[in-house]
Amino acid sequence: MTLLPEPFCEPRDADRLAESAALACLDACCQTLGLAAIQVPVPIETWIEHPLGIDFGFEAMTDVAGYAVLGQGRIRVADLLCHDELRLRWTIAHELGHLLLHKPEPNALRPDHPEYRHVYSNDRERQAERFAAAFLIPIGPMVATLLEVCNHERVRSEEALFSASRDTSDSARIWNDLFLPAICNRFRVTRAGAIFRVGELRLEDGAPFMLPKVLVALSA
Ligand SMILES: [Zn+2]
């Protein structure tokens, strides 16, 4: 299976690894459950225990949204997230990324350590975020969703996709009015999650799918 369909491409090793781990994991879930295609929104809240077999539970915590115990297949999520479906989904996917991509480090800080926040922007965290994005917003269904919304709104998909990814006067409007709402609805992710997904995707010429200036404007 191709990791990323045209016109996407991922030149960064850590991101490619996260992307392929997410795809392999989705594939394995579909095979176990006998699904012909990836189900969206990806039912991670149920899949995390079966078929993924993770020891999953909630715990009272206020400093972090969740944590994974590497090497032990355990994920705990803040009980407060019970009431926030979208953050809950993203947090489970993020912690699953840690479990599948990272090995225990004897000297790693625990999430409840006061210094932990300072390392939040480290490579492991970035990779777990990329995994969450790729797992919850798989590239194939994402492209299909963008094409559907163009079709539904009767706009030419090639033009809309080109305008969205280039520095055009229409770029921010297409993301804001068409593509981001469609991604949020279809995949049950926050707007910030959808923006992260498309902002991290790279095109074959190395350019981001969503230009940084558009990303900054829409994140405000
Ligand atoms: Zn993390």
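Mentor: A polar contact is a pair of N or O atoms within 3.5 Å; within protein, one must be able to donate a hydrogen and the other to accept it, and residues adjacent in sequence count only if both atoms are side-chain atoms. By that rule, six residue pairs, both residues at pLDDT 80 or more, are in polar contact across the interface of domain 1 and domain 2. This is a predicted model: local features need pLDDT of at least 70 and side-chain atom pairs 80 or more, while totals for chains, interfaces and linings use all residues. Residues are numbered from 1 along each chain as its sequence is written, and side-chain values use heavy atoms, without hydrogens and water.

Trainee: Where do domain 1 and domain 2 run?

Mentor: Domain 1 covers 13-136 and domain 2 covers 139-219, bounds that come from an automatic or database domain assignment. Their centres, taken over C-alpha atoms, are separated by 24 Å. Domain 1 brings 14 residues to the contact and domain 2 brings 11, contact meaning heavy atoms within 4.5 Å.

Trainee: What area is buried between domain 1 and domain 2, and what share do carbon and sulfur atoms give?

Mentor: About 1,300 Å² is buried, and carbon and sulfur atoms give 60% of it. Buried area is the accessible area (1.4 Å probe) that two parts lose on being put together, summed over both. On the domain 1 side, Val40, Leu86 and Arg130 lose the most area to domain 2, together 35% of what that side buries.

Trainee: How many salt bridges cross the interface of domain 1 and domain 2?

Mentor: The rule finds three there. It asks for a side-chain nitrogen of Lys or Arg within 4 Å of a carboxyl oxygen of Asp or Glu. On the domain 1 side of the contact, α1 (13-33), α3 and α4 each supply at least two residues. Helix α4 gives the largest share, six residues. Helices (H or I, at least four residues) and strands (E, at least two) are DSSP runs, numbered from the N terminus.

Trainee: What about Arg74 and Asp55, whose side chains meet at 3.7 Å?

Mentor: That N to O distance also makes a salt bridge. Arg74 lies in strand β3 (residues 74-78) and Asp55 in strand β1 (residues 55-59), so the pair ties together parts that are 19 residues apart in sequence.

Trainee: Why is Arg74 called partly exposed?

Mentor: Buried means under 20% relative accessible area, exposed over 50%, and partly exposed in between (1.4 Å probe, protein chains only). Arg74 has 26%, so it counts as partly exposed. Asp55, at 37%, is partly exposed too.

Trainee: What puts Arg197 in the buried class?

Mentor: Its relative accessible area is 0%, so it is buried. Arg197 lies in helix α8 (residues 191-200). Leaving out residues up to four places away in sequence, it touches eight residues by name: Glu19, Arg130, Ala133, Ala134, Ile137, Pro138, Ile139 and Met142.

Trainee: How do you know which residues are donors of the zinc ion?

Mentor: Donors are N, O and S atoms within 2.8 Å of the metal (3.2 Å for Na, K and Ca); water is not among the atoms, so sites may look incomplete. His94 (NE2), His98 (NE2) and Glu125 (OE) lie 2.0 to 2.1 Å from the zinc ion and are its protein donors. His94 is in helix α3 (residues 85-101) and Glu125 in helix α4 (residues 123-136), so the pair ties together parts that are 31 residues apart in sequence. His94 and Glu125 are both buried.

Trainee: What makes the bond between Val40 and Pro41 stand apart?

Mentor: It is a cis peptide bond, with omega about -5°. Most residues other than glycine have a negative phi, and most peptide bonds are trans. Pro41 is in the loop between α1 and α2 (44-47). The peptide bond from Glu6 to Pro7 is cis as well, with omega near 5°.

Trainee: Why does Arg154 count as exposed?

Mentor: It has 77% relative accessibility, so it is classed as exposed. Arg154 is placed in the loop between α5 and α6, and its phi, near 55°, is positive in a residue other than glycine.
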